[in-house]
Amino acid sequence: MVRSLASGGSCFGWRVYGGVAAAAFALAIPGLSVGAELVCNDAAPESGANAGALSNVYPALRLLGEADCYRSNGEVARALDALQSALAAVEPRDSATTIAIYARVGQLQLSLGNHTAALEALSRGLDLTTAPEHEDSAAGLLNDLGRAYIDAERPREAVAAFADSARLAPAGQVELTV
């Protein structure tokens with residue numbers, strides 16, 4: 001469902017797995033030259049009976065995908081705007097999407113050097129990871145939180161966050177580097 005960018009399509013498409021819609025992102029797009037910018041917002045949905053249906057049903061996922069696309073283009077301000085809109089559109093019971101949004105906000109704020117905003121967003125996401133099915137998300141958030149603490153010159157908290165991340169990460173997912 002990922003369309004060619006040469007035809008004006010978006011950099012992401014929708015897939016349905018077991019009745020659950022998820023954004024599927026293109027890693028390699030034929031015909032896209034290196035250094036070319038991705039088109040991040042679709043004005044015209046695909047044709048067909050269900051064209052645009054998923055993004056109309058759940059705009060938070062569409063906005064999350066747009067934010068990822070903007071981020072990949074280096075358009076951080078637009079990515080943050082899309083993420084704020086996604087937070088406003090996300091369904092209250094959808095903690096997985098909310099966690100993903102907060103994680104991306106934290107990562108973007110960290111890339112801008114906004115340590116306080118990064119720590120706040122990552123902590124909010126982490127607060128939502130209490131259910132066992134969110135342990136993988138918690139491990140990633142804790143790793144990002146550790147990076148934010150390092151950048152904020154809070155090494156003790158960074159070490160604690162990294163240790164918690166390593167404890168929660170699935171077996172074989174922890175790689176120490178020097």
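Predicted model: local features only at pLDDT ≥ 70, side-chain atom pairs only at ≥ 80, totals over all residues.
Local features need pLDDT of at least 70 and side-chain atom pairs count only at pLDDT 80 or more, while totals for chains, interfaces and linings use all residues. Residues are numbered from 1 along each chain as its sequence is written, and side-chain values use heavy atoms, with hydrogens and water left out.

Start with the largest nonpolar core, which has 22 residues. A nonpolar core here is a set of buried Ala, Val, Leu, Ile, Met, Phe, Trp, Tyr and Cys residues joined through side-chain atoms within 4.5 Å. Buried means under 20% relative accessible area, exposed over 50%, and partly exposed in between (1.4 Å probe, protein chains only). L83, I101, V105 and L108 touch the most other members. Helices α2 (59–72), α3 (76–89) and α4 (95–111) each supply at least two residues of this core. Helices are DSSP runs of H or I, at least four residues long, numbered from the N terminus. α2 gives the most, with seven residues. Apart from this core lies another, of 17 residues, including A103, L141, Y149 and A161. In soluble globular proteins, nonpolar side chains tend to be buried together.

Now take α3. This helix has 14 residues and reaches 20 Å from its first C-alpha to its last, close to the 20 Å expected at 1.5 Å a residue. The expected span is 1.5 Å times one less than the number of residues. Its buried residues are V76, A79, L80, A82, L83 and A86. Seen down the helix axis, they fall within an arc of 160 degrees, so they line one face of α3. The arc is that of the directions from the axis to the C-beta atoms. The face turned away carries the exposed residues A77, D81 and A88. α2 and α4 are among the elements that cover the buried side. L83 shows the packing: beyond its neighbours within four places in sequence, L83 is in contact (heavy atoms within 4.5 Å) with L64, A67, I101, R104, V105 and L108.

Next, L110 in helix α4. L110 is buried, with a relative accessible area of 6%. Leaving aside neighbours within four places in sequence, L110 contacts H115, A118, D144, R147, A148 and D151.

Finally, H134 sits in the loop between α5 (115–127) and α6 (135–151). H134 is also buried, at 7% relative accessible area. Not counting residues up to four places away in sequence, H134 touches S95, A96, I99, L128 and T129.
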